[in-house]
Amino acid sequence: MPPAEPVLVARDVVRRFGYRPVLAGVSFTLAPGEALMLVGPNGAGKTTLLRVLAGLLRASGGTIELRGNVGMVAHYSMLYDALTARENLRFFGRLHDGRSAGRADALLEVMGLTAVGDQRVGSFSRGMTQRLAIARALLSDPDILLLDEPLTGLDDASLAKVVDVLGGLRARGRALLIASHQLAELMGVITSVGVLARGRLQAVEPVGGRGVDAITARYREVVRGA
Amino acid sequence: MREILRGALAIAAKDLAIEWRTKTAFVSSMTFAVLVLAVLFFARDPTVVGAVDVAPGSLWVTFTFAAMIGLNRAFLLERENRAMDGILLTPVPRAAVFVGKLLANLVFVGTVEAVSLPLFILFYDVSIGRGLPALVLVIAIATVGFVALGTLLSAMVVRTRFAELMLPLLLLPFLVPPIIGAVQVTASILAHRPLSEVAGWLKLLTAFDIVFLTVCTLLFERTLEE
């Protein structure tokens, strides 16, 4: 079977803030069913890369080809505290299209939030908010899901739920790009690891049969050599 | 066009639902309006200056500053949890965001004006009589222009550190011509003089609306870029 056409192709993506280049030429591809974990030191440009790919920031150079629609989960929720979980999803769904608003109840169910669907988001715990943020990102049934630190601050139950949902998405052929420091928790989800340092993707390697320790050692080696 | 309208209505409905639930801006604006009307009424020496002489100025000072409270809050809703990113990740046209915010602001400011106007008539004991439709028309014409400009500037300043201070600083200089015009027309109506005497001011108010509705709609997209 021929390899699947990539749904995301980034070529020499550059992003400068003033004269300071945060991304200095990032190139990679992402295929359906692939989950690339983006690791790198703080300030390496992981968040900037995700924001550029999502179209929230304009690239200063390079090209980005997207074949499919994009959803994004950031380390902020993009939700309204004064609205209930259901109202938030229906609002963002209406902005996508009429059908997406109808997915609100199904997504609340998937994320285990049906019981609190009519509670205001302002009263939610970090874990509940993050699960709802993922539901918001899934409203348009995206082909590519960009996730920025999706597991930070989650308790065990929420973490297990999020990891389970991400694994399910990958199994259904969605492409995932996950910026995170929580390698061990995501080992069951990711298919490859990319090391972003000094504004460049220094290495992209498949997980293969390697464990957390081997990948971590390789990551340190790449960062030292960058 | 249909897409813009659909998105705009969803955004306006969401803003008004949040305001209805929290009533933060409305209560602040109304408290402010009542205080300003009362202070300006009692500030004059009634043996020297008649209430009707200061009434037009008092009305427009009240409307302008009470509206500013609502305009200031318009985009602060989106700053919370960076909800604007969530909107920008949907395919909704950028113009829909502006039109939606404008509609919500017009409803908000219109409500504040509708509640303030009877208080104004009561405080200043002005006899409007058959001039009421004309006064309502002038209020509507003047409000559209300054709310359009206020909506644009609110989006511009929301990411600055002193957003609530910056909005009046930027907005008030632009408002000098339309507010003078509105005061002149209001004075004419309260004096039961024909509107034809102030046709020039009415044309200025209409021109202000057309120019700033067009310019603000065209420029709005630029305010969303980081």
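**Figure 1. Strand E6 of chain A and its parallel partners.** In this predicted model, E6(A) and strand E7 (residues 175–179) of chain A run parallel and are joined by five bridges. Asp148(A) has Ala179(A) in E7(A) as its bridge partner. Strand E5 (residues 70–73) of chain A also runs parallel to E6(A), and four bridges join the two. Here Val70(A) is paired with Ile144(A) of E6(A). Is E6(A) enclosed by the rest of the structure, or exposed? Five of its five residues are buried, so E6(A) is largely enclosed by the rest of the structure. Both of its faces are covered. Ile144(A), Leu146(A) and Asp148(A) lie on one side, Leu145(A) and Leu147(A) on the other, and all of them are buried.

**Figure 2. The contact between the two domains of chain A.** Where they touch, 12 residues of domain 1 of chain A are in contact with 10 residues of domain 2 of chain A. On the domain 1 side, the elements that give two or more residues are strand E6 (144–148) and helix H6 (156–171) of chain A. H6(A) gives the most to this side, with four residues. Sorted by class, the domain 1 side has six nonpolar, two polar and four charged residues.

**Figure 3. Ala160 in helix H6 of chain A.** Ala160(A) is found in helix H6 of chain A. Is Ala160(A) buried or exposed? Ala160(A) is exposed, because 12 other C-beta atoms are within 10 Å, and a residue counts as exposed at 12 or fewer. Glu221(A) is 61 residues from Ala160(A) in sequence. In space the two are 30 Å apart, C-alpha to C-alpha.

**Figure 4. Strand E1 of chain A and its two antiparallel partners.** Strand E1 (residues 8–17) and strand E2 (residues 20–30) of chain A pair in the antiparallel sense over eight bridges. The hairpin of E1(A) and E2(A) has two residues between the strands. In this hairpin, Gly18(A) takes a positive phi near 65 degrees. E1(A) also runs antiparallel to strand E4 (residues 61–66) of chain A, with five bridges joining them. Val9(A) shows both pairings: it stands opposite Thr29(A) in E2(A) and opposite Glu65(A) in E4(A).

**Figure 5. Helix H1 of chain B and what it packs against.** Helix H1 of chain B covers residues 2–22, which is 21 residues. From its first C-alpha to its last it reaches 30 Å, close to the 30 Å expected at 1.5 Å a residue. The buried residues of H1(B) are Gly7(B), Ala8(B), Ala10(B), Ile11(B), Ala12(B), Lys14(B), Asp15(B), Ile18(B) and Glu19(B). Some places in this list can be read with the turn of a helix in mind. An α-helix has 3.6 residues a turn, so residues three or four places apart point the same way. Which helices do the buried residues of H1(B) pack against? In chain A, they pack against helix H2 (85–96). In chain B, they pack against helix H2 (24–43), helix H4 (76–79) and helix H6 (94–124). Just after H1(B), Lys23(B) takes a positive phi of about 55 degrees.

**Figure 6. Leu77 in helix H4 of chain B.** Leu77(B) is found in helix H4 of chain B. Leu77(B) and Glu19(B) are 58 residues apart in sequence, with 9.7 Å between them in space, C-alpha to C-alpha.

Figure 7. Across the interface, 20 residues of chain A are in contact with 21 residues of chain B. H2(A) provides the largest share of the chain A side, five residues. By class, the chain A side has 14 nonpolar, two polar and four charged residues. The predictor gives the complex an ipTM of 0.89 and a pTM of 0.88. Chain B has a mean pLDDT of 89, and 100% of its residues reach 70 or more. Within chain B, confidence is lowest in H4(B), at a mean of 86, and highest in helix H5 (residues 83–88), at 93.

How values were computed:
Residues numbered from 1 in each chain as written. Chains lettered and ligands numbered in written order. Predicted model: local features only at pLDDT ≥ 70, side-chain atom pairs only at ≥ 80, totals over all residues. Expected span 1.5 Å × (residues − 1). Buried ≥ 20, exposed ≤ 12 C-beta atoms within 10 Å, placed from the backbone. Contact = placed C-beta atoms within 7 Å. pLDDT = per-residue confidence, 0-100. Nonpolar A, V, L, I, M, F, W, Y, C, P; charged D, E, K, R; others polar. Pairing = 2+ DSSP bridges.
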